[in-house]
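This report describes the fold of one protein chain, from its overall layout to a few local details. The sequence and the structure are shown first.

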Amino acid sequence: MRFPWFILICLFFPFAALAQSGVISGVVTSADSKKPLPRASVFLSNSDVGSATNEQGRYMLSGIRPGQYTLVVSILGFEQYTKTILVGREPIKLDIELTPKPLM
């Protein structure tokens with residue numbers, strides 16, 4: 001009688017684990033022109049989760065365990081953006097504007 005319950009638990013456990021992961025998404029734009037920034041690097045510095053923005057400047061980080069992280073966004077020619085965020089079960093939408101670096 002215990003064996004069928006064990007099989008059911010093994011089958012449904014992965015779905016329960018997926019339900020507890022967080023998602024961060026948004027758009028990365030330039031602060032001065034308000035245009036999207038494609039191929040910007042977006043990652044959580046104290047984890048192995050990261051991605052790059054698409055041609056419309058959109059990004060999505062998924063499969064994040066709940067906890068506190070430092071989000072880092074960088075692209076050549078712009079100031080690096082960092083923000084400490086608290087990830088839970090609710091999705092986080094974070095639109096980011098990057099400031100261009102002054103040329104010397």
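The chain has one helix and eight strands. The model is a predicted one. Along the sequence the elements follow the pattern α-β-β-β-β-β-β-β-β. Of the 104 residues in the chain, 27% count as buried. Contacts between residues 24 or more positions apart make up 48% of the contacts in the chain with a separation of 6 or more.

**The four-stranded sheet**

Four strands form an open sheet in the order β3-β2-β5-β6, with antiparallel pairing. The edges are held by β3 (50–52) and β6; each has a single partner strand, so one side of each is left without a neighbour in the sheet. From one strand to the next, the twist averages 20°. In general, strands of a sheet pair through backbone hydrogen bonds, in either a parallel or an antiparallel way.

| Strand | Partner strand | Sense | Bridges |
|---|---|---|---|
| β2 (residues 41–44) | β5 (residues 67–74) | antiparallel | four |
| β5 | β6 (residues 81–87) | antiparallel | seven |

Individual partners can be named for both pairings. Leucine 44 has leucine 71 in β5 as its bridge partner, and phenylalanine 43 stands opposite valine 72 in β5. On the β6 side, threonine 70 is bridged to threonine 84. The hairpin of β5 and β6 has six residues between the strands, and glycine 77 in this hairpin takes a positive phi near 95°.

**The nonpolar core**

The largest nonpolar core consists of 19 residues, and those with the most contacts inside it are Val28, Leu44, Tyr59, Leu61 and Leu71. Two or more residues of this core come from each of β1 (22–30), β2, β4 (58–64), β5, β6 and β8 (96–98).

What does leucine 71 touch, leaving aside its neighbours within four places in sequence? The contacts of leucine 71 are Val42, Phe43, Leu44, Tyr59, Leu61, Tyr81, Thr82, Lys83, Ile85, Leu94 and Ile96. Leu44, Tyr59 and Leu61, which are in this list, are also among the core residues with the most contacts.

**The loop between β1 and β2**

Most residues other than glycine have a negative phi. Lysine 34, in the loop between β1 and β2, has a positive phi near 60°. Arginine 39 is found in the loop between β1 and β2 as well, and its phi is also positive, near 65°. The relative accessible area of arginine 39 is 59%, so this residue is exposed.

**A link between two loops**

Glutamate 55 sits in the loop between β3 and β4. Its relative accessibility is 52%, and because the cut-off for exposed is over 50%, glutamate 55 counts as exposed. Which residues does glutamate 55 contact, apart from its neighbours within four places in sequence? They are Pro38 and Arg39. With arginine 39 the contact includes a polar one between the two side chains, at 2.9 Å. Glutamate 55 and proline 36 lie 19 residues apart along the chain, and their C-alpha atoms are separated by 7.7 Å.

Technical notes: Residues numbered from 1 in each chain as written. Predicted model: local features only at pLDDT ≥ 70, side-chain atom pairs only at ≥ 80, totals over all residues. Heavy atoms only, no water. Pairing = 2+ DSSP bridges. Buried < 20%, exposed > 50% of the residue type's maximum accessible area, 1.4 Å probe, protein only. Contact = heavy atoms within 4.5 Å. Core = buried A, V, L, I, M, F, W, Y, C linked by side-chain atoms within 4.5 Å. Axes fitted to C-alpha atoms, helices over the stretch in contact; angles between N-to-C directions. Polar contact = N/O pair within 3.5 Å; in protein donor to acceptor, adjacent residues only side chain to side chain.
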